[in-house]
Amino acid sequence: MISHLSKANKTAVTGALSASIAHELNQPIAAIQLNAQFFQEKLASGDFDRHAIQEIARSIEHDNSRIANIVSTLRGIFKEDQTMAEPIGIDRLVESLIPILTPQARDHGITINTNLNSEHLVAINAGEFQQVILNLVNNSIDSLSGLDLKDKIVSIASSDHPSHVEVSISDNGQGVAQDLIPNLFELMKSNKSAGMGLGLWLSKHIIERHQGKITYQTSHAGGAEFVIRIPLQMV
């Protein structure tokens, strides 16, 4: 009986994980498809507005980058290899993502603010850490996009501490429902109507692979805030 239950549980988890990965990948794939159709319509009508074409290209590039990051990160994690870390400045890494995140945020009337004040280097896998930032910021964008607010803001901040570097991603949305907070980082838990919580589970897994910690709290603006702490001694 125990053997059968164990196999059944593994099957359930595998199915949930597969569904989560499929959902996570489906969003950027669907966006690429829509942009490709829009591009074809522009060509068919003879409308070669340079600004519009550039926006389409940037959007496709953004979604393609999301897919590549998800696949690369999952491949490394499920191979259970040791994280290939190197000393990196958190601020520079975050700044490299702003051009990728800004077009999507702007489309939903959302402003991304940064307050980056970290000078220390931490040993991280850049690709994996980028996936965490993308996951968290995209969560905030998704949360804010459906709200009727005059000013929709996502904030990314960093700071140095004696034992660690801290990075926070916060927004002024509605935050996470109290009943979901205790299990927020579990695989099959999600605050979204669609999806099964892969993003937060994956983010936690990546941060813990770096001997770090990620926590949730209510932001000063009343929305969601995720705080990441990466230890300095890893450098």
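**Starting at Glu208**

Select Glu208 first: at 43% relative accessibility, this residue counts as partly exposed. Keep in mind as you click around that you're looking at a predicted model. The side chains of Glu208 and Lys204 meet in a salt bridge, 2.7 Å from N to O. Both residues sit in helix 5, four residues apart, which is about one turn of the helix. Lys204 is partly exposed too, with a relative accessibility of 27%.

**On to Arg209**

Next, pick Arg209 and Glu128. Here's another salt bridge between side chains, at 3.0 Å from N to O. Glu128 belongs to helix 4 and Arg209 to helix 5 (residues 198–209), so this pair ties together parts that lie 81 residues apart in sequence. Are these two buried or exposed? Glu128 and Arg209 are both buried; the cut-off for that word is under 20% relative accessible area.

**Over to Arg106**

Select Arg106 and Glu55. They form a salt bridge whose closest N and O atoms are 3.4 Å apart. Arg106 is in helix 3 (residues 90–107) while Glu55 is in helix 2 (residues 50–78), so the bridge ties together parts that are 51 residues apart in sequence. Arg106 is partly exposed, at a relative accessible area of 44%.

**Into the core**

Time to go inside. How many residues does the largest nonpolar core have? It has 41, and Phe129, Val137, Ile169, Phe226 and Ile228 are the ones with the most contacts inside it. Nonpolar side chains tend to be buried together in soluble globular proteins.

Zoom in on Val137 and show what surrounds it. Leaving out residues up to four places away in sequence, Val137 touches Leu101, Ile112, Val154, Ile156 and Ile169.

Leu43 lies in helix 1 (residues 2–45), and it is partly exposed at 41% relative accessible area.

How values were computed: Residues are numbered from 1 along each chain as its sequence is written. This is a predicted model: local features need pLDDT of at least 70, side-chain atom pairs count only at pLDDT 80 or more; totals for chains, interfaces and linings use all residues. Side-chain values use heavy atoms; hydrogens and water are left out. A nonpolar core is a set of buried Ala, Val, Leu, Ile, Met, Phe, Trp, Tyr and Cys residues joined through side-chain atoms within 4.5 Å. Buried means under 20% relative accessible area, exposed over 50%, partly exposed in between (1.4 Å probe, protein chains only). Contact means heavy atoms within 4.5 Å. A salt bridge is a side-chain nitrogen of Lys or Arg within 4 Å of a carboxyl oxygen of Asp or Glu. Helices (H or I, at least four residues) and strands (E, at least two) are DSSP runs, numbered from the N terminus.
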